[in-house]
Amino acid sequence: SCLQLGLERFHGVGILGFNSAEWFIADIGAILAGGFAVGIYTTNSAEACHYVAENCSANIMVVENHKQLQKILEVEDRLPHLKGIVQYGEEIKEKRPNLYSWREFMELGRDVPDSRLREIIACQKPNQCCTLIYTSGTTGQPKGTMLSHDNLTWTAAAAGRFIALSDAHERQEHVVSYLPLSHIAAQMCDIWAAMTFGVQVYFAQPDALKGSLVETLREVRPTAFLGVPRVWEKMEEKMKSVGMKASALRRRVASWAKEVGLQTNLKRMNGCSEMPVNFRLARQLVYRKVRKALGLDRCTKCYTGAAPITRETLEFFLSLNIPLLELYGMSESSGPHTISLPHAFKLGSCGKELTGCHTLIDKPDKDGIGEICFSGRHIFMGYLNMEDKTKEAIDEDGWLHSGDLGKHDKDGFLFITGRIKELIITAGGENIPPVPIEDAVKNAVPIISNAMLVGDKAKFLSMLLTLKCVVDAETGEPGDDLAPEALEFCQKLGSKATKASEIISSKDKAVYAAIQKGISAVNEGAVSNAQKVQKWVLLEKDFSLFGGELGPTMKLRRPVVAQKYQSQIAQFYTDIETPS
């Protein structure tokens, strides 16, 4: 059908929609027909869609529904290569030339002889590009990461073997597809590894990330599951708010079980294999029930990746006997580079290199921290039509520079300490990685949802803070009402506030004092005075995908936040006095 529509060799087929069988079929069909499979984020604006479609000279656009179709129609007159649009998820509202329903699209290919397709497949080579992953660029325009057939097939097999995915002939694996397929993580898990090992894939509802995911997990009971940190954090928040409503006895049993779970699992992580009686009892009373409630009772591999996760969340799940295994990589490495394993993981580490992949720590400092560089068969071909950017990413010796800072420990585990670009360099020349300080503040003050450290080229550090609020399930927009755990926090302090705006407008004494107390405690543990948070401000609205402060994998987009709240940031530094 792609050929019948006039798909030319090395031209894009853009796919814009939530995960579905049609997404997979369009993706693989585009590749076999000699084009590029190009996923586009459903949250993209019409202009952002135009940028990608134009950049890959798309001949065909596959859209899910009327809403996504509108974006393409808005820019279609500026897409000279576009020959047809296919809508798969709902009936077409108004007929127009070159717009096809999925059924009509499938019919188009009936008269194309198989020999024509076979010729195109035969002329494809493993080192040719077949997929473009557009990096969600936190800076500048997105870049089209070119992945070859070999990148995808080799990485899928290497990663699957490394984490011991079962071949379907031996034991059927089950996964839920819900993360955006325009992102390499979901594509590698849901399409390529699943195809290599015969994994059964179930599609979640489009509102999965707004709350329906756990119902889907309970129904499917996956054997392997990859969550971005925000997914795990949301589960943690939900479980804590349910836990608050339990009886006193139940709460005591739960906290006993969590203590036992954490201690046993930490010992196990350090190589001790004995299983104490109280752990076996806690497993019967608590852990199994929790897993069942989350739909993870069959899940032997719970992974997290794509953004940094806090130690608090890792320990929370570890205490319930659900070790979250961190993995690390990038679009430019076809997804994974290091992976943690159930019998080989350390809290806060991203694990060890996949077999066949290598890491170089470039220009390490006295603590062994330097830029993490990768090599292996998973390294991408380059960025489409951006030779200069490709040369910045891959050096003369073939090492891919990640832009991340990290080190290996004595056992070969990789730890990431921050990103080069997000380092704050103060006026005094101190290099400060923001994430550890932000995490410490969130940990010390449970009412805080997001924290962003600022202070580049400034005399001292300040922080933007947001409160945990209820999110609109439909739009994903954060509201003004405080979330249950934030309410509980306020009540304990004796504050009557129920909304973020009430706390901010009245500068609620109790809440402000509690936040300052938490920040002072974090400052006590600071390495140097330069690393202390001197000023902070509460923002009216929490960060979200909706507001643009978070990217598609819920990573903090620092440049966007800095732009959006520039007046608040400027305010920190307008008073001449440096706070004592």
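Student: Before anything else, how is the radius of gyration taken, and what is the globule rule?
Tutor: The radius of gyration is taken over C-alpha atoms, and the globule rule is 2.2 Å times the number of residues to the power 0.38. Please keep in mind that this is a predicted model.

Student: What radius of gyration does the chain have, and what would a compact globule have?
Tutor: A compact globule with 580 residues would have a value near 25 Å, and the chain has 25 Å, so the two agree. Along its principal axes, the C-alpha trace spans about 75 × 60 × 50 Å.

Student: How many helices and strands are there?
Tutor: The chain contains 19 helices and 26 strands.

Student: What share of the residues is buried?
Tutor: Of the 580 residues, 53% are buried. As for contacts with a separation of 6 or more, 65% join residues 24 or more positions apart.

Student: And the surface and the charges?
Tutor: The accessible surface comes to about 27,200 Å², and carbon and sulfur atoms account for 53% of that surface. There are 67 positive and 69 negative charges, and their mean positions lie 7 Å apart.

Student: Let us turn to α15. Which of its residues are buried?
Tutor: Helix α15 covers residues 484-493, and Glu485, Ala486, Phe489 and Cys490 are buried in it. These residues are on the same side of α15, because they cover an arc of only 140° around the axis.

Student: Why would residues three or four places apart point the same way?
Tutor: An α-helix has 3.6 residues a turn, so residues at that spacing point the same way.

Student: What covers the buried residues of α15, and which exposed residues are on the face turned away?
Tutor: The cover includes the helices α9 (229-244), α16 (500-505) and α17 (509-524), together with the strand β25 (478-482). The face turned away from the buried side carries the exposed residues Gln491 and Lys492.

Student: What follows α15?
Tutor: Gly494 follows α15, and its phi is positive, near 85°.

Student: New topic: where is Ser544, and what does it touch?
Tutor: Ser544 is in the loop between β26 (533-538) and α18 (558-564). Not counting residues up to four places away in sequence, Ser544 touches Gly476, Pro478, Glu549 and Leu550. Its relative accessible area is 5%, so Ser544 is buried, the cut-off being under 20%.

Student: What about Leu539? Which residues is it in contact with?
Tutor: Leu539 is found in the loop between β26 and α18. Leaving aside neighbours within four places in sequence, Leu539 is in contact with Leu464, Leu465, Thr466, Ile504, Tyr565 and Gln568. With a relative accessible area of 2%, Leu539 is buried.

Student: How many residues apart in sequence are Leu539 and Phe316, and how many Å apart in space?
Tutor: Leu539 and Phe316 are 223 residues apart in sequence and 27 Å apart in space, C-alpha to C-alpha.

Definitions and conventions
Residues are numbered from 1 along each chain as its sequence is written. This is a predicted model: local features need pLDDT of at least 70, side-chain atom pairs count only at pLDDT 80 or more; totals for chains, interfaces and linings use all residues. Side-chain values use heavy atoms; hydrogens and water are left out. Helices (H or I, at least four residues) and strands (E, at least two) are DSSP runs, numbered from the N terminus. Buried means under 20% relative accessible area, exposed over 50%, partly exposed in between (1.4 Å probe, protein chains only). Contact means heavy atoms within 4.5 Å. Accessible areas come from the Shrake-Rupley method with a 1.4 Å probe; for residues, only the protein chains shown count as cover. Lys and Arg count as positive and Asp and Glu as negative; His and the chain ends are not counted. The place of a charge is taken as NZ of Lys, CZ of Arg, CG of Asp or CD of Glu. The arc is that of the directions from the helix axis to the C-beta atoms.
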